[in-house]
Amino acid sequence: MAEAFMNFVNTTLDWVTGALDMPSARAQVFGFQIGGHLFIEVFLLVVILFLLSQKSYKPPKRPLTNKEIDELCDEWVPEPLIPSLNEEPYAPPVLESAAGPHTVINGKEVVNFSSANYLGLIGHKKLLDSCSSALDKYGVGSCGPRGFYGTIDVHLDFEARIAKFLGTPDSILYPFGFSTMFSAIPAFSKKGDIIVADEGVHWAIQNGLYLSRSTVVYFKHNDMKSLRETLENITSKNKRVDKLRRYIVVEAVYQNSGQIAPLDEIIKLKEKYKFRVLLDESNSFGVLGKSGRGLTEYSGVPIEKLDIVTADMGHALAAEGGFCTGSTRVIDHQRLSSSGYVFSASLPPYLASAAITAIDILEENPELLSKLKNNISVLWKELSKVPGLKITSNKESPIVYLRLEKSTGSQKDDLCLLEKIAQRVLEEDSVFVVVSHRSTLDKCRLPVGIRLFVSAGHSEYDLRRASESLKRVSEQVLGGHD
Amino acid sequence: MIAIPYLTALTTYFSYGLLFAFGQFRDFFRKLIDWSKANTLQGYAPICLGLEDFYIRRLYLRIQDCFGRPISSAPDAWFDVVERYSNDNNKTLKRTTKVSRCLNLGSYNYLGFAAADEYCTPRVIETLKKYSPSTCSSRVDGGTTVLHNELEKYVASFVRKPAAIVFGMGYVTNSAILPVLMGKGCLIISDSLNHNSIVNGARGSGATIRVFQHNIPSHLEEVLREQIADGQPRTHRPWKKIIVIVEGIYSMEGELCKLPEIIAVCKKYKAYTYLDEAHSIGAVGKTGRGVCELLGVDTADIDIMMGTFTKSFGSCGGYIAGSEDLIKYLKYTCPAHLYATSVSPPAAQQIISSIRVILGEDGSNRGAQKLAKIRENSNFFRSELQKMGFEVLGDNDSPVMPIMLYNPAKIPAFSRECLKHNVAVVTVAFPATPLLLARARICISASHSREDLVKALQVISKVGDLVGIKMLKIVGVIESICVWIVIVKSCPSSTRPRASTPMVFEDQAAKVVVQKLREEGEENRRLVISEVILNEWINGSSKQNPAKVVTYQPIYEGIKGLQIVRVIMKQTQKTQLHGVKKKSFMGSQSGSGLVDMDKDSRTIREQQVSLERDVLVSPEGENGVGDPHGARAGWTVGKKGFAAGVKEQCRQVEALFRRNSLCLAMMERKLRLRSEPTHSR
């Protein structure tokens with residue numbers, strides 16, 4: 001058996017040697033003996049080519065049949081349209097008269113600290129007169145967007161008036177304060193551009209930042225060190241940064257904390273790192289500065305240094321709508337690129353007329369501003385001694401913001417406590433203060449608090465009444481918690 | 001879908017190309033001139049970028065006098081347009097003190113509440129005195145007055161939903177609600193021509209967005225099936241929820257939403273529905289309750305109803321109406337409720353008062369009159385425009401009617417020429433419409449008198465000739481209506497009229513019949529019409545007929561599948577036209593043979609023609625006795641004199657309508673013979 005096998009091996013070897021010794025195998029290429037390699041290599045090459053020519057294996061594609069899609073559609077169960085709400089939503093008190101410094105709730109007159117009626121213009125006779133004559137002349141609504149016969153002459157008058165008042169080349173009027181920022185930001189910042197924003201900005205700005213699709217970097221609330229680091233980081237890391245549009249977005253007086261942005265420092269940083277500044281003056285226009293021109297006047301910064309300034313007219317001007325002011329180029333660009341301006345019906349003319357009158361009143365009565373400033377400082381002083389609550393707002397901010405000294409740890413519980421205080425203050429002492437309710441969409445994580453909007457219309461007695469009531473109630477409510 | 005003729009598309013592209021090239025040319029020289037000057041940017045990137053800025057500077061500014069014309073009075077039927085002049089080639093416009101009194105065809109003043117109203121205005125002024133113009137506070141803080149709660153109650157009952165919430169601006173209503181409802185893992189399916197506020201809201205929500213072809217329910221179904229089967233992108237998890245967003249009347253198209261079909265599709269696939277009634281609420285429907293009322297859709301089938309107060313109510317703001325839970329949730333977390341200033345009290349009062357007028361709660365029937373007037377005005381104006389040969393978009397009953405302009409040069413030409421004749425029209429171009437589809441838009445109001453409309457039509461006709469936008473050249477128009485009556489099964493045989501009795505109605509009489517059918521309020525059943533079916537119907541058995549349906553568009557849908565379809569047909573062989581006309585076009589199955597079209601046909605024969613006609617189709621036809629051949633949508637063209645002969649019969653039929661449940665089977669409104677669009681004039 002073994003012998004037979006050996007024989008077989010030997011004959012095979014002989015045959016192979018013979019094949020390799022064939023004349024072709026002994027061929028020489030450039031003087032080299034190539035031996036039998038040639039055959040084997042050619043053979044291998046053929047195999048490789050054969051394998052390559054074969055299609056690689058792919059699992060067969062089987063699109064879903066109609067029946068399968070039908071089944072999937074049947075199986076699919078959507079979530080309910082809205083999540084079920086366990087708690088009753090907060091029901092705000094219903095006002096039975098104008099929202100002036102004093103208003104009527106449940107038939108009882110109360111002192112109103114919930115209305116951003118900083119100059120106390122609600123119910124001002126001149127304002128009402130201008131409104132009613134505008135209503136007679138123009139009707140209520142404008143019935144069209146600005147582009148399509150929705151431009152009423154008072155709109156243009158207001159734009160000119162506000163530009164003149166602030167000393168800017170031009171301004172643009174928006175139909176709603178809330179839409180001003182979230183329309184203006186996406187008009188100037190697109191995908192790829194860089195925005196550095198304060199983490200405490202209000203929702204309308206947050207929405208604008210999101211809609212712009214730009215790269216948004218937040219810095220710590222009103223912290224200039226953090227802003228500098230952020231700017232430094234961005235400019236040093238990114239080489240293409242010169243080609244991108246860069247913005248710093250800040251609020252003059254933060255609605256979510258009552259702090260005032262240090263504009264002079266921001267301007268220094270902006271000039272160093274070459275960023276443009278978008279400033280929201282909603283709560284500072286008509287309040288800060290010697291003549292109420294806002295944060296720029298207050299911090300002595302020429303307004304030309306800022307690129308885009310927006311403000312809500314629903315606060316100090318006691319009207320509605322918003323405006324944006326800046327260079328002619330910036331304004332004209334918005335007239336065709338800003339969605340809230342182009343695609344929305346314009347501001348009812350009577351409100352524009354009210355706003356013009358409000359500026360006139362502000363210019364003619366500088367004592368309103370000094371009264372407001374006095375009121376702010378009185379209330380701030382009084383409220384700095386409230387037990388259990390801490391003032392986070394700036395001394396000169398028209399929003400006095402009180403947060404819990406000791407947070408319970410959860411925003412919801414904090415809110416509950418504060419709501420309890422606000423409710424008792426209203427019921428027991430007829431002082432209407434509000435708690436900062438936050439939407440679940442809001443990304444702002446600053447502590448919630450009680451907000452008091454100071455008005456020039458409040459008397460010293462009102463302020464004292466509010467502070468005493470707050471002191472008494474919070475001591476009772478929070479005393480038990482410590 | 002708007003089909004642009006090739007030549008028009010070509011000339012439009014050419015015009016834009018020319019404008020673009022010339023603009024670039026100017027920019028090039030501007031750069032050369034500025035070369036020596038110091039760079040003003042100083043390290044900043046330019047604040048206005050790219051094509052958008054180029055478009056504004058080099059295209060828009062040339063014709064900016066056509067947009068944003070200031071007015072100095074209420075936007076009523078007639079208003080004062082402030083004249084402007086420019087010393088720098090339209091770069092800046094300066095106001096003058098001069099005004100010209102113009103007829104207003106631009107404002108969304110559908111019911112005429114824009115001007116001072118005997119009922120509303122005194123109440124608004126009273127409210128102003130009581131509540132001041134603003135609350136300076138958000139709804140959840142100190143911005144809720146008695147008036148706001150009352151308004152929400154009124155709105156909810158007006159749109160027939162359990163609860164409602166109001167906001168200070170219509171745009172914000174859409175853009176702030178969608179992020180609350182939808183989020184990551186959710187799908188928004190939006191009509192391709194939805195308003196920018198919906199687009200922005202959808203983008204802001206972070207949900208995935210898919211688009212379906214404008215107003216095509218079958219494509220919506222396709223998208224829904226595909227999306228539900230595929231699930232979320234990449235992870236393939238099932239969608240959390242799907243919402244379909246449509247508008248009641250599309251403001252740039254004037255079209256009514258095909259709501260019943262869309263609702264049916266959404267129900268089938270368990271998608272939520274969101275209806276934006278910005279232009280339709282108050283303007284259409286018997287009592288002004290919008291498209292739901294007009295098209296017979298139960299509001300309970302729509303999850304979220306949105307609308308604005310800017311248009312019909314002559315005020316400002318917007319609302320969301322829905323279930324109690326939905327509104328409660330929105331009040332809990334919607335940013336526009338929590339942070340934005342509440343509706344100005346006088347504006348709120350205007351809405352309440354105007355709703356009261358519409359519902360007749362003011363003790364007069366002015367509301368009903370206004371609603372009747374706007375319908376009558378819109379339909380009159382639309383049909384007259386169509387007769388003149390303008391390419392008018394949109395559906396009957398809709399007060400919005402766009403006239404296609406296409407070429408960029410025609411935008412300012414049309415607008416300026418109309419203004420010269422004291423008619424103020426709106427012209428719309430990019431970015432509100434696609435670049436190629438520039439148009440003029442006319443909004444009809446209940447405050448327009450018949451004389452106003454006639455004047456407007458005269459001017460528009462004249463300007464249309466001048467500018468060359470009467471794209472559909474009309475050879476002959478025959479105004480008559482033919483109605484077949486088909487009796488449904490339930491009808492006792494004794495009351496059936498003789499078979500195959502063609503009825504010719506005058507326009508007005510037809511309206512009466514349609515109105516009656518509507519009032520009966522029968523359940524809506526609809527028929528989806530495909531081009532193939534139409535071809536079959538129209539060509540019927542006559543095989544030699546070379547006519548081919550080019551396009552069709554439903555222009556009216558009523559009860560029991562009643563549908564009037566405008567069909568544009570193309571005659572392919574000139575020589576056969578005469579024969580074809582007699583054999584199949586003229587009431588193929590009716591045997592009416594009433595038509596003497598020879599005079600017209602002689603003119604037609606010389607050219608390639610398209611025929612445009614309205615066909616009324618009914619699925620009940622198969623069981624009817626009026627049409628022995630089954631559901632054949634034939635039609636008859638009758639001369640005007642013919643109508644008088646059958647008036648008596650019409651009266652009988654009307655009586656039958658009162659007694660029985662009948663189905664209006666076929667109806668021919670107008671036959672239009674027209675040539676191919678003539679453009680290059």
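Predicted model: local features only at pLDDT ≥ 70, side-chain atom pairs only at ≥ 80, totals over all residues.

Trainee: What makes the charged end of Arg450(B) count as sitting over the ring of Phe380(B)?

Mentor: The distance from the charged end of Arg450(B) to the centre of the Phe380(B) ring is 3.8 Å. The term requires CZ of Arg to be within 6 Å of the ring centre and within 35 degrees of the ring normal.

Trainee: Why is the pair of Phe165(A) and Phe285(A) called edge-to-face?

Mentor: Their ring centres are 5.9 Å apart and their planes stand at 80°. Phe165(A) belongs to helix 6 and Phe285(A) to the loop between strand 9 and helix 11, so the pair ties together parts 120 residues apart in sequence.

Trainee: How do you know that Phe165(A) and Phe285(A) are buried?

Mentor: The relative accessibility is 2% for Phe165(A) and 3% for Phe285(A). Buried means under 20%, so both residues qualify.

Trainee: What makes Phe285(A) and Phe323(A) an edge-to-face pair?

Mentor: The ring centres are 5.2 Å apart and the planes meet at 75°, so this pair is edge-to-face. Phe323(A) lies in strand 11, 38 residues from Phe285(A). Phe323(A) is buried as well. Phe158(A), Phe165(A), Phe285(A) and Phe323(A) form one aromatic cluster.

Trainee: How do you know that Arg146(A) and Glu159(A) form a salt bridge?

Mentor: The N to O distance between their side chains is 3.1 Å. The limit is 4 Å, so the contact qualifies. Arg146(A) is in helix 5 and Glu159(A) in helix 6, 13 residues apart. With a relative accessibility of 4%, Arg146(A) counts as buried, and Glu159(A), also at 4%, is buried too.

Trainee: Which other residue forms a salt bridge with Glu159(A)?

Mentor: Arg335(A) does, with the closest N and O atoms 3.2 Å apart. Arg335(A) lies in helix 12, 176 residues from Glu159(A).

Trainee: Why is Arg335(A) called partly exposed?

Mentor: Its relative accessible area is 21%. Buried means under 20% and exposed means over 50%, so a value in between is partly exposed.

Trainee: What makes Lys268(B) exposed?

Mentor: The relative accessible area of Lys268(B) is 53%, and exposed means over 50%, so the term applies. Its salt-bridge partner Glu221(B), with closest N and O atoms 3.0 Å away, counts as partly exposed at 23%.

Trainee: How do you know that chain A is more spread out than a compact globule?

Mentor: Chain A has 17 helices and 16 strands. Its radius of gyration is 36 Å, well over the 23 Å that the globule rule gives for 482 residues, so chain A is more spread out than a compact globule. Along its principal axes, the C-alpha trace spans about 125 × 55 × 55 Å. Buried residues make up 56% of the chain.

Methods
Residues numbered from 1 in each chain as written. Chains lettered and ligands numbered in written order. Heavy atoms only, no water. Phe/Tyr/Trp six-rings, centres within 6.5 Å; stacked < 30°, edge-to-face > 60°. Helix = DSSP H or I, 4+ residues; strand = E, 2+ residues; numbered from the N terminus. Buried < 20%, exposed > 50% of the residue type's maximum accessible area, 1.4 Å probe, protein only. Rg over C-alpha atoms; globule rule 2.2 N^0.38 Å.
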